[in-house]
Amino acid sequence: MIVCRTKAEMRATVCDWRADRATVGLVPTMGYLHEGHLGLVRMARETADRTVASIFVNPTQFGVNEDLDTYPRDEARDLALLEQKGVDSVFLPGVEEMYRPGEPAYVDVPELSGILQGALRPCHFRGVSTVVTKLFNIVTPDLAIFGEKDYQQLTLIRQMVRDLDMPLEIRGHPTVREPDGLAMSSRNVRLRPDHRQEAVALNEALDRAVVVAKTGPSIADLETAVRSRLEGSPSATIESIDIRDADTLEEVSGTLDRRVVILLAVRYDTVLLIDQRVVAPPN
Ligand code: AMP
């Protein structure tokens with residue numbers, strides 16, 4: 001496994017592969033890897049000849065009061081896991097390698113970056129679309145894989161690639177869960193043990209919505225079902241429950257008459273958890 005800490009090393013590695021006409025799959029991550037990330041790696045290996053995983057805790061997608069400094073990191077463990085899973089190269093740049101001082105250019109998808117999580121976290125998605133564009137320009141992958149867990153991020157990246165004619169394919173990977181249903185996340189280790197137990201509420205609330213969706217409900221009925229399960233978790237602070245068109249993230253109302261995505265953001269103390277589920281109308 002080739003570890004590249006500079007853009008030049010990464011470009012040279014991909015250039016060698018291209019000489020053999022190999023296709024390249026990219027899995028961007030912020031490290032502290034778990035089975036969720038490794039599912040994306042597996043998908044990349046099945047689809048492309050060579051797989052690159054990037055590990056970069058991107059400062060420009062964190063707000064001033066967010067957890068950039070305390071975001072968990074374990075480089076040695078991450079590298080061992082990626083090697084074991086057969087990744088061909090890891091791109092592991094430092095912040096100075098990725099950003100020059102001052103106010104660099106950025107990429108934004110304004111239709112999607114200011115809504116939902118973007119309304120709660122100003123500049124977050126601008127940071128994401130900019131760093132993902134930089135990674136695409138450095139690695140030049142044929143395809144890149146993102147988790148459905150970060151549904152708004154996946155939707156935004158699909159739109160960015162379409163609108164800016166970026167020459168690669170984007171694939172989504174279903175959310176990988178702990179045995180009790182909690183969506184795997186690098187932040188789960190920071191949950192207090194009792195909060196960790198309560199946090200199954202997110203997945204259970206979404207399971208309820210799937211059952212209610214079969215009865216031909218209104219959007220309001222779906223929200224009520226989700227909210228009532230979350231309220232059964234006494235330590236949970238519900239930051240948001242949003243039900244949107246599954247493809248465009250536009251607002252929906254009235255009867256459930258198309259595929260919608262239910263997006264949850266729930267906080268336990270300082271730990272913000274997100275989860276999502278796509279539900280369809282009966283038949
Ligand atoms: P992160 O390191 O949190 O930025 O995540 C890197 C990639 O892994 C993103 O595309 C995430 O959506 C994806 N990911 C994180 N957790 C999961 C999970 N539990 N299931 C599937 N994909 C995930």
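Between the two domains, 21 residues of domain 1 are in contact with 18 residues of domain 2, where contact means heavy atoms within 4.5 Å. The model I am showing is a predicted one, in which local features need pLDDT of at least 70 and side-chain atom pairs count only at pLDDT 80 or more, while totals for chains, interfaces and linings use all residues. Residues are numbered from 1 along each chain as its sequence is written, and side-chain values use heavy atoms, with hydrogens and water left out.

The bounds are 2-173 for domain 1 and 186-278 for domain 2, and they come from an automatic or database domain assignment. Taken over C-alpha atoms, the centres of domain 1 and domain 2 are 26 Å apart. About 1600 Å² is buried between domain 1 and domain 2, with carbon and sulfur atoms giving 59% of that area; buried area here is the accessible area, for a 1.4 Å probe, that two parts lose on being put together, summed over both. On the domain 1 side, the residues that lose the most area to domain 2 are L116, K149 and Y151, which together account for 37% of what that side buries.

Let me turn to the ligand. It is surrounded by 17 residues, the closest being M30, G147, D150, V176 and M184, and a residue is near if one of its heavy atoms lies within 4 Å. A polar side-chain atom of D150 lies 2.6 Å from an oxygen atom of the ligand, a polar backbone atom of M30 is 2.9 Å from an oxygen atom of the ligand, and a polar backbone atom of M184 is 2.8 Å from a nitrogen atom of the ligand.

Finally, the structure as a whole holds 19 salt bridges, including one in which the side chains of R121 and E66 meet at 2.7 Å, N to O.

Key: Polar contact = N/O pair within 3.5 Å; in protein donor to acceptor, adjacent residues only side chain to side chain. Salt bridge = Lys/Arg side-chain N within 4 Å of Asp/Glu carboxyl O.
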